[in-house]
Amino acid sequence: MSDFYHALANSAVGKKVFSAINLPIPTPLERFTLGDTSFIKGAVLVGAAENSTALDTIFANLKLAPAAQAHVLANAIASESIEAAATATHQTAHTYMPAPEDRAKFKALVFDATGISNTQELKAAWAFFHPVIRKLDKCGRIVVIGRTPETCALEQRIAQRGLVGLVKSFGKEIKNGATANLIYADEGAESQASSALQFLLSPKSAYVSAQVVRVRPAKFDGKKFDWQQPLAGKTALVTGAARGIGAAIAETLARDGAKVVVLDIPAMSEDLHKVANKLNGVALSADITADDAPALISEKAKELGGLDILVHNAGVTRDKTMGGMKEHLWDMVIDINIAAEERINAKLLEDGTLNKGGRIIGVSSISGIAGNMGQTNYSTSKAAVIGMVDGMVEELAKQDITINAVAPGFIETQMTGAIPFAIREAGRRLNSLNQGGQPVDVAEAIAFFASPASQGATGNIVRVCGQSLLGA
Ligand code: NAD
């Protein structure tokens with residue numbers, strides 16, 4: 001789906017006219033391109049509150065980005081600890097002395113806030129960001145790492161919860177295609193933040209802003225991990241993969257090394273086979289609501305040595321306000337968008353065809369978070385996807401299986417192409433990045449959860465919505 005406003009606003013004439021009349025100019029977002037081996041390129045300024053514990057993780061990851069250069073603010077809080085963490089990983093943290101007139105630009109500002117133990121100490125965030133936030137580059141990144149509030153004593157819990165407001169406000173202030181996100185790590189789980197940190201610093205998270213990713217202790221050890229082919233040896237199944245977001249998910253998981261089974265309804269068989277052929281994958285024509293669908297999927301999984309990654313992407317809308325909603329439209333949306341997923345999960349878990357250490361990833365929607373006029377059936381089904389994540393997380397953790405969901409906002413697909421023009425334009429612009437996302441943006445978030453490196457990330461709902469104003 002093309003975005004005429006975006007193209008016009010970024011043309012030579014359009015730029016002048018749009019700025020003269022104060023219309024937002026959406027910044028073309030940087031996205032991952034094949035062959036990129038450095039998840040971030042450019043200067044990264046690292047800061048920390050006193051007694052923070054994620055600096056080793058931050059520097060261990062920056063070491064994996066050959067095109068990143070670490071910097072530390074001159075005389076900043078905890079600057080000695082920052083330099084020590086850099087030295088411990090054989091890196092140099094260049095000292096940066098901020099001056100309003102200098103032209104320094106930072107691709108990322110990374111702040112370790114895990115040491116903040118009361119609201120007074122939140123000042124450390126001001127001290128770090130105030131002199132440098134205007135120096136964030138185009139499509140720059142802010143990542144704050146905090147301590148999971150629910151695991152803290154009262155004073156620390158209150159202060160740590162404050163970081164959500166900080167990061168959400170950054171998302172609205174920073175402009176130019178930049179994003180701001182927060183990772184909450186349990187004490188002792190700092191190293192499990194690596195996958196989230198790399199994702200949130202990279203162009204793969206182009207349309208993810210103002211989100212919180214929570215990580216808990218897990219067995220993943222990144223020492224011998226291949227970050228370029230994270231899914232090598234894994235088998236994934238993606239439902240609704242003949243087109244749109246599902247096809248992008250399949251492509252992205254295959255790019256990361258997975259063997260992919262793509263599933264869609266028999267009527268989409270031609271498109272489905274095209275996707276499967278392109279990826280050297282396997283096509284499975286089935287309606288997920290059919291009585292035999294769970295058994296069919298389980299059998300296919302068994303043939304392939306079990307599934308490691310199950311992505312419940314298939315979904316439909318049948319929009320009517322409740323007064324005009326026909327019974328069959330209610331039933332259809334609930335059945336496809338959530339009930340079928342429950343039946344498939346139950347069958348695979350019963351048969352043991354979802355491997356230990358596996359991944360279940362749902363596709364919710366911001367409609368499931370905010371509700372939407374004319375979408376009672378859809379919003380109910382998509383909120384229920386969140387319920388599925390919440391409800392299954394602890395039971396699945398016993399088998400090292402993680403469950404998470406992404407909640408897309410306005411993504412440019414045939415589904416959103418069918419929305420009436422005025423509503424479609426509003427959907428595209430009412431977010432901090434002033435544009436719709438691409439299917440690949442959702443796919444990248446799913447690939448992040450699918451990675452073995454994300455073993456500590458479970459129970460998360462991450463919106464891929466450019467910080468949409470809906471339900472924020
Ligand atoms: P799409 O309509 O382009 O693709 C959905 C695919 O699911 C289609 O190929 C369709 O044939 C398949 N499907 C439908 N019913 C099925 C069934 N019973 N069994 C098997 N396959 C079935 O939609 P999309 O925009 O790519 O959306 C993908 C997912 O993302 C959906 O769950 C949707 O609700 C969600 N989502 C999309 C947006 C957006 O802006 N596009 C926003 C929020 C959430």
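Q: What is the volume of the largest pocket?
A: This is a predicted model, in which local features need pLDDT of at least 70 and side-chain atom pairs pLDDT 80 or more, while totals for chains, interfaces and linings use all residues. Residues are numbered from 1 along each chain as its sequence is written, and side-chain values use heavy atoms, without hydrogens and water. A pocket is an open set of points on a 1 Å grid over the protein atoms alone where a 1.4 Å probe fits, with protein on both sides within 12 Å along at least five of seven lines. With the space filled by probe spheres set on the points taken as volume, the largest pocket has about 1500 Å³.

Q: Which element gives the largest share of the lining of the largest pocket?
A: The lining (residues with an atom within 4 Å of a point) comprises 50 residues, with Val316, Thr317, Tyr378, Met415 and Thr416 nearest the pocket centre. Two or more residues come from each of helix 8, strand 9, helix 11 (327-351), helix 12 (366-370), helix 13, helix 14 and helix 15 (421-429), as DSSP runs numbered from the N terminus (helices H or I, at least four residues; strands E, at least two). The largest share, four residues, belongs to helix 15.

Q: Where does the ligand sit?
A: Its shell contains 28 residues, of which Arg243, Asp264, Asn313, Tyr378 and Thr413 come nearest; a residue is near if a heavy atom lies within 4 Å. Helix 8 (244-255), strand 9 (259-264), helix 13 (376-397) and helix 14 (414-417) each supply at least two shell residues. With more than half of its atoms within 2 Å of the grid points as the criterion, the ligand sits in the largest pocket.

Q: How far from an oxygen atom of the ligand is the polar backbone atom of Asn313?
A: A nitrogen atom of the ligand lies 3.0 Å from a polar backbone atom of Ile288. A polar side-chain atom of Thr413 is 2.8 Å from a ligand oxygen atom. For the polar backbone atom of Asn313, the distance to an oxygen atom of the ligand is 2.7 Å.

Q: Which helix supplies the largest share of the lining of the second largest pocket?
A: The second largest pocket holds about 710 Å³ of space. Among its 33 lining residues, Phe32, Asp36, Phe39, Ser202 and Lys204 are closest to the centre. Strand 5 (136-147), helix 7 (194-201) and helix 16 (439-450) each supply at least two lining residues. The largest share, four residues, comes from helix 7.

Definitions and conventions. A polar contact is a pair of N or O atoms within 3.5 Å; within protein, one must be able to donate a hydrogen and the other to accept it, and residues adjacent in sequence count only if both atoms are side-chain atoms.
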